[in-house]
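The following paragraphs lead the reader through a structure, beginning with the contact between its chains and moving on to the fold of one of them.

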Amino acid sequence: MLKIENLHAKLEDEGKQILKGVTLEVPAGEVHAIMGPNGSGKSTLSYVLSGRDGYEVTEGEATLNGEDLLEQEPEERAAAGLFLAFQYPVEIPGVGNLTFLRTAVNAQRKARGEEELSAADFLKVVREKAKSLDIDADMLKRPVNVGFSGGEKKRNEILQMAMLEPKMCIMDETDSGLDVDAMRLVAKGVNALRAPDRSFLVITHYQRLLDHIQPDVVHIMADGRIVRTGGPELALEVEKNGYADILAAEAG
Amino acid sequence: MADTAVLTHEAGAADPGLAARLGALDLPAGGFTAPARKAALARFEKMGLPRGRDEYWRYTDPSAFNAAVPAPMDIADSGPDGPLFEDLDRLRLVFVDGVFDAAASDDLALEGVEIDTLAAAEGQAGHWAADVYGTLEAEGQTRVARPFGALNTAVARDGALIRVTGKPSRPIHLIHRRADDSADVYFHHVIVVEPGAEVTVLETGMTGARSNYVIEVDVREGGSFHHITAKRAGYQKLGWGGIFARVAAKALFKSFNLSLNGTLMRHEAVIDIVGDDAVAHIAGAVLGDGKNGDFAHDDTVFITHGAERGESRQVFKKVLKNGAKGIFQGKILVQPGAQKTDGYQISQALLLDEDSQFLGKPELEIYADDVQCSHGSTTGAIDETVLFYLRSRGVPKGRAIVLMVLSFLADALAEVEDESLREQISERLDAWLTRHA
């Protein structure tokens with residue numbers, strides 16, 4: 001599904017190297033977690049993969065089902081099946097949540113040469129999916145994320161994911177700012193989307209999200225590289241001992 | 001506070017520019033308007049033409065308005081959009097270069113309103129408009145000189161005279177068309193909303209090579225006036241306009257203007273809240289693209305609170321690209337005794353490139369101690385984080401920018417109360433933005 005090889009990237013403005021050779025593969029249907037201390041490059045990896053401006057890839061490659069991601073515009077990557085759930089979803093006053101969702105869904109369908117969803121069909125699907133995420137009609141009508149609580153914003157991200165039906169979902173610290181109940185609701189939404197042809201890359205500081213979204217593989221990232229890869233037990237090890245031991249072991 | 005007039009020009013006959021400007025005009029004798037015209041001409045001569053150093057003309061070059069005659073204009077270039085509000089059930093008055101075209105207009109009979117045109121009514125004795133024509137414009141000169149307003153009162157030959165006595169079932173739509181590529185057009189509307197009456201006036205289209213309009217609006221106790229203007233998206237357009245409004249107790253005045261393209265436009269609004277518990281809102285959305293030549297748009301607003309518990313809002317948004325220039329000068333004056341005034345003003349510009357500019361001058365002058373007044377002015381570019389968010393959801397860059405611009409304009413558009421009108425305007429904006437993406 002997602003294949004990253006020796007990926008190097010730097011900040012365009014400052015020239016600072018952030019990713020220093022990330023290599024990673026997420027096969028179809030699997031959930032991989034990336035954990036790591038602050039400043040290890042986890043969020044940068046998610047931005048570089050989804051095409052945010054301000055980063056320059058200096059070496060390496062990233063492909064989604066064999067397609068080169070790095071040459072594509074962000075909207076092309078989205079249409080190809082990539083989705084990034086933001087750590088801080090943005091507010092867009094004056095643009096209704098439904099309008100936004102429908103614009104996004106139909107833009108992707110159009111880009112893939114599929115027929116656009118009619119207003120009626122779209123409404124039917126969105127209502128159904130919103131209900132399972134505890135998103136009420138009012139939240140659908142309100143401007144995108146405006147006045148939403150932290151939990152509502154993250155649920156709205158999962159709703160977008162559910163509507164866009166991506167193949168590869170990257171979740172950037174989705175657990176940040178969530179209380180336990182909100183996290184459970186988000187995790188439930190994500191688990192409902194797990195499928196043999198859909199993969200997840202879950203970026204998180206803490207192990208607790210991984211109690212709710214069980215990963216198949218856990219990667220530890222530090223200083224712009226994946227320094228260790230293991231099973232779910234690796235997350236427990238981090239939870240117990242912190243990153244220091246692992247990093248020291250790698251350095252040693 | 002003394003209401004001293006700041007009519008600072010020494011001009012008069014000594015100013016050759018003024019002499020040439022007046023010499024090029026054909027001054028009508030007028031019927032019931034004759035005394036108002038004479039007084040207005042004297043006002044204009046005393047004020048003289050504006051100069052770049054005048055307090056309210058520092059940002060907008062007045063020379064195109066000062067020129068004796070306008071340069072001919074390519075009037076065939078009216079833009080790709082069709083007329084607005086076509087599907088609406090409304091009463092249409094068509095003006096061609098400022099002259100009423102009865103054949104192209106609807107029957108002017110409508111329950112709850114008396115509609116005349118200035119040229120046709122001028123000769124009538126005892127016409128209701130005789131007491132209003134030129135009076136609000138003259139009052140609007142008290143604090144700031146508005147020479148083109150006085151000039152308009154002196155020379156305008158036609159316009160709509162609307163006296164609302166009830167709640168007409170349909171909006172009144174004033175439609176302007178161009179015919180003469182060098183016409184110097186002056187039109188003057190007088191609108192009186194009688195106590196408790198309510199009306200919506202729409203105005204669209206373009207007129208002449210240079211246009212000058214005055215709208216005098218007297219909203220009496222408990223009356224409601226809704227005004228929506230939308231200028232066609234032609235590229236060439238040169239115009240000055242002034243709204244002079246008086247808002248009585250418990251009355252409502254709401255005016256929204258949409259401007260797309262143009263060359264140089266200046267809209268002045270002078271709104272006096274004279275009765276308690278009155279509401280006055282004025283809003284504007286401007287989209288300017290300098291791609292096809294100069295673009296400058298100036299909104300100059302002066303709202304005076306002269307009574308208690310008045311609410312005023314000024315919401316102006318400008319989207320500028322390719323060297324377009326936007327200007328906003330907005331003032332809130334709260335008179336002594338105008339307690340519990342709630343005044344709000346926001347002017348914002350979204351610059352889509354680094355060549356465009358916005359000049360804003362908010363002013364507050366408050367002589368009452370128990371009031372709430374706020375103002376804000378911002379100039380910004382497209383927010384890259386929002387743009388990335390939209391694109392990461394699959395929305396192509398051009399479409400994402402259109403959505404972001406619509407988001408930016410939303411507060412101004414929200415001043416249009418009627419949902420179907422608001423949607424039509426929104427669609428027009430969308431079409432323009434999509435073409436200019």
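In this predicted model, 22 residues of chain A are in contact with 17 residues of chain B. On the side of chain B that touches chain A, the elements giving two or more residues are helix H7 (384–392) and helix H8 (397–413) of chain B. The greatest contribution to that side comes from H7(B), with seven residues. Sorted by class, the side of chain B that touches chain A holds eight nonpolar, five charged and four polar residues.

Chain A itself may be considered next. Its secondary structure consists of ten helices and twelve strands. The C-alpha trace of chain A spans about 60 × 40 × 35 Å along its principal axes. A compact globule of 252 residues would have a radius of gyration near 18 Å, and chain A agrees with this because its own value is 18 Å. Of the 252 residues in chain A, 44% are buried. Among contacts in chain A between residues at least 6 apart in sequence, 71% join residues at least 24 apart.

One helix of chain A illustrates the burial of individual residues. Helix H7 (residues 180–193) of chain A comprises 14 residues, and the distance from its first C-alpha to its last is 20 Å, close to the 20 Å expected at 1.5 Å a residue. Which residues of H7(A) are buried? They are Met183(A), Leu185(A), Val186(A), Ala187(A), Gly189(A) and Val190(A). The cover over the buried residues of H7(A) includes helix H6 (150–164) and helix H8 (208–212) of chain A. As a general point, an α-helix has 3.6 residues a turn, so residues three or four places apart point the same way.

Key
Residues numbered from 1 in each chain as written. Chains lettered and ligands numbered in written order. Predicted model: local features only at pLDDT ≥ 70, side-chain atom pairs only at ≥ 80, totals over all residues. Helix = DSSP H or I, 4+ residues; strand = E, 2+ residues; numbered from the N terminus. Rg over C-alpha atoms; globule rule 2.2 N^0.38 Å. Buried ≥ 20, exposed ≤ 12 C-beta atoms within 10 Å, placed from the backbone. Contact = placed C-beta atoms within 7 Å. Nonpolar A, V, L, I, M, F, W, Y, C, P; charged D, E, K, R; others polar. Expected span 1.5 Å × (residues − 1).
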